[in-house]
Amino acid sequence: MSIACFTENIAFAPPPVVSLAAWLEEVVGEEEKELIQLNFIFCDDTYLHALNVEHLQHDTLTDVITFDYADKADHVEGDIYISVDTVHTNAKERDLPFGHEISRVIVHGVLHLMGYEDKTQASRAQMRVQEDRCLALPSAQAVIGWSYKR
């Protein structure tokens, strides 16, 4: 199991990898899947927008884009790109701490790699239930409580 964090186009100190690993290992293990490799790439809106246009043909801003590289159904492996700009904006709009909102986006990307979708109203509701379940895990608290000063 390997988790790595990178940045593109921003100065940003991601949540501690040790905390992420403990939490996400639990999230993945609860569904009897194996966490192989996760790369989190924290970036700005411009960088993520360009990826959204190039790879998904969506000319919109988003908070997260996930690329799945797993070669087995029970493996979780991929790249998760997160716009720190959009997460920061969403946290302010929702009156939530940045650590809580980025934790939701992080696990949202992981849930996509585990097979959860959010294309329909029903699948979005199911995704939200799963996000809330994952955020309630005791191992999530170290990530949720992490603070980042912009």
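Buried means under 20% relative accessible area, exposed over 50%, and partly exposed in between, with a 1.4 Å probe and protein chains only. The model is predicted, so local features need pLDDT of at least 70 and side-chain atom pairs count only at pLDDT 80 or more, while totals for chains, interfaces and linings use all residues. Residues are numbered from 1 along each chain as its sequence is written, and side-chain values use heavy atoms, with hydrogens and water left out.

**Exercise 1.** Describe the order of the elements in the protein chain.

*Solution.* Begin with the elements themselves, which are DSSP runs numbered from the N terminus, helices being H or I with at least four residues and strands E with at least two. The protein chain has six helices and four strands. Reading from the N terminus, the order is β-α-β-α-β-β-α-α-α-α.

**Exercise 2.** Compare the radius of gyration of the protein chain with that of a compact globule.

*Solution.* The radius is taken over C-alpha atoms, and the globule rule is 2.2 Å times the number of residues to the power 0.38. For 150 residues the rule gives a value near 15 Å, and the 14 Å of the protein chain agrees with a compact globule. Along the principal axes, the C-alpha atoms fill a box of roughly 35 × 35 × 30 Å. Of the 150 residues, 49% are buried.

**Exercise 3.** Find the residues that touch the most other members of the largest nonpolar core, and the element that gives this core its largest share.

*Solution.* A nonpolar core is a set of buried Ala, Val, Leu, Ile, Met, Phe, Trp, Tyr and Cys residues joined through side-chain atoms within 4.5 Å. The largest one holds 36 residues, of which W23, L24, L38, F40, I82, I102 and I106 touch the most other members. Helix 4 supplies the largest share, eight residues. Taking contact as heavy atoms within 4.5 Å, and leaving aside neighbours within four places in sequence, I102 is in contact with F12, F42, I82, V87 and W146. Another core lies apart, with seven residues, including I41, C43, L48 and F67.

**Exercise 4.** Locate D95 and decide whether D95 is buried or exposed.

*Solution.* D95 sits in the loop between helix 3 and helix 4. Its relative accessible area is 71%, and D95 is therefore exposed. D95 has a positive phi of about 55 degrees, although D95 is not a glycine. Most residues other than glycine have a negative phi. E32, in the loop between helix 1 and strand 2, also has a positive phi, near 55 degrees, and is exposed at 72% relative accessible area.
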